[in-house]
Amino acid sequence: SHKRIWHLSTQPTMATGATPRVPLVTLSNGVEMPRLAFGTAPLVSKADADAGRGLGRTNPNFNGFLPEQAYRSVTLALESGLRHIDTAVMYRSHKQISHVLGNFFASGRLRREDVFLTSKIMHPPNDGFGTDDSNIPIDDLTPEEVGRTVSSHFERTLSELGVGYVDLMLLHWPAAWYSRDSSNPARRLAAWRELERYYEKGWARSIGVSNFSVAHLQQLMDDGAVVRPMVNQIEASVHLQRTELISYCKEKGIVVEAYSPLGRGTNNILVNPIVLKIAEKKGKNPGQVALRYLIQKGMAVVFLSSSEERIRTNQDVFDFELDELEMEELTSLNRPDGTWGLPAPHDMS
């Protein structure tokens, strides 16, 4: 009863006649999702400023999201042919995306069915970069309260994006960071039941999770989830390969979507000698090689950029293949400290 066939339009609808060149992956319910998504979480920290990135002299102490960057970056992404936009309540970029989409819809350059919109709800508090109204204090709430809050944030997402439905809604985190609270499974199930309810109404064409471990996914199904998550969005890169989790998701028909595929520029993926060697051999840039590795592993990928050139070149990862030896060389780059700083899924119960 949950196998619905939905197709994303791939007809040229841009004024330029540009047809999206990103292949689609079919989710377990038949929904077709572009394999590349454009991210809208421009996070800037004081560490970025100290390293010569970020806001530098203008606001060196700034630590947080810069949702205003989405006006320009999402415009560039859509103009380049990207059709999958990834956002979240936590990023506070819904209204900026709505503004950009409104311009494209009003001019007739795009229709709603041309665009795949992913958002995420249920991010735990983080004093470092989040606002109080963009997170959910998961540890302080009963399962019933979590469910009500998730429902409220779901409907707020539709309102802020100015759309009747999202193409994919994810639970952003399985629990509060590093929490070992015994009520976490019940809270997750209550939140998931709300996503199932909106899925049944068609207000989400597909539903999934983010940062869930094998244990979280299995527990959710064992506890009585009716709809199996269609996507698990996790941090993954050549330095952070999550082999066991990815194998489990593949076995269960859950599409893995990698975020921070280049490590947010903090862990030297783009200057790694092996990546550079393969890039030179292929006539590609290092970022394209790092993205292609994840694509060949069967993942969808979310990337973020404010550079028009990078937005364009990051899509040019479907016209070459890495051979078996090159894939093995890149697999050897897996590191226990491969994250740029977020908790691992297994760090919470």
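**Terms and the values behind them**

Analyst: On the other side of helix H7, Thr243, Glu244, Lys250 and Glu251 are exposed, where exposed means over 50% relative accessible area, buried means under 20%, and partly exposed lies in between, with a 1.4 Å probe and protein chains only. Helices (H or I, at least four residues) and strands (E, at least two) are DSSP runs, numbered from the N terminus. This is a predicted model, in which local features need pLDDT of at least 70 and side-chain atom pairs count only at pLDDT 80 or more, while totals for chains, interfaces and linings use all residues. Residues are numbered from 1 along each chain as its sequence is written, and side-chain values use heavy atoms, with hydrogens and water left out.

User: Which residues of H7 are buried, and how do you know that they line one face of the helix?

Analyst: The buried residues in H7 are Leu245, Ile246, Tyr248 and Cys249. Seen down the axis of H7, they fall within an arc of 160 degrees, so they line one face of the helix, the arc being that of the directions from the helix axis to the C-beta atoms. These buried residues pack against helix H6 (214-222), strand E10 (231-235) and strand E11 (255-259), with contact taken as heavy atoms within 4.5 Å. Just after H7, glycine 253 takes a positive phi of about 75 degrees.

User: Why is strand E7 called largely enclosed by the rest of the structure?

Analyst: In strand E7 (residues 116-121), 6 of the 6 residues are buried, so the strand is largely enclosed by the rest of the structure. In a regular strand the side chains alternate between the two faces of the sheet. Both faces of E7 are covered, with Phe116, Thr118 and Lys120 buried on one side and Leu117, Ser119 and Ile121 buried on the other.

User: What makes E6 and E7 a pair of strands?

Analyst: Two strands pair if DSSP finds at least two bridges between them, and 3 bridges join strand E6 (residues 84-86) to E7, the two running parallel. Within this pairing, isoleucine 85 stands opposite leucine 117 in E7.

User: Why does asparagine 135 count as buried?

Analyst: Asparagine 135 has a relative accessibility of 9%, and it therefore counts as buried. This residue is placed in the loop between E7 and helix H4 (143-161). Leaving aside residues up to four places away in sequence, asparagine 135 touches Met90, His123, Pro124, Pro125, Asn126 and His153.

User: How do you know that proline 42 is buried?

Analyst: Proline 42 has a relative accessible area of 10%, and so it is buried. Proline 42 lies in the loop between strand E3 (36-39) and E4, and, not counting residues up to four places away in sequence, it touches Gly64, Phe65, Leu66, Pro67, Gln69 and Leu304.

User: What is the volume of the largest pocket, and which residues are the closest to its centre?

Analyst: The largest pocket has a volume of about 1100 Å³. Of the 45 residues that line the largest pocket, the closest to its centre are Ala41, Pro42, Leu43, Arg264 and Leu304. On a 1 Å grid over the protein atoms alone, a pocket is an open set of points where a 1.4 Å probe fits, with protein on both sides within 12 Å along at least five of seven lines, and lining residues have an atom within 4 Å of a point. Grid points are joined across faces, edges and corners, and a volume is the space filled by probe spheres set on the points.
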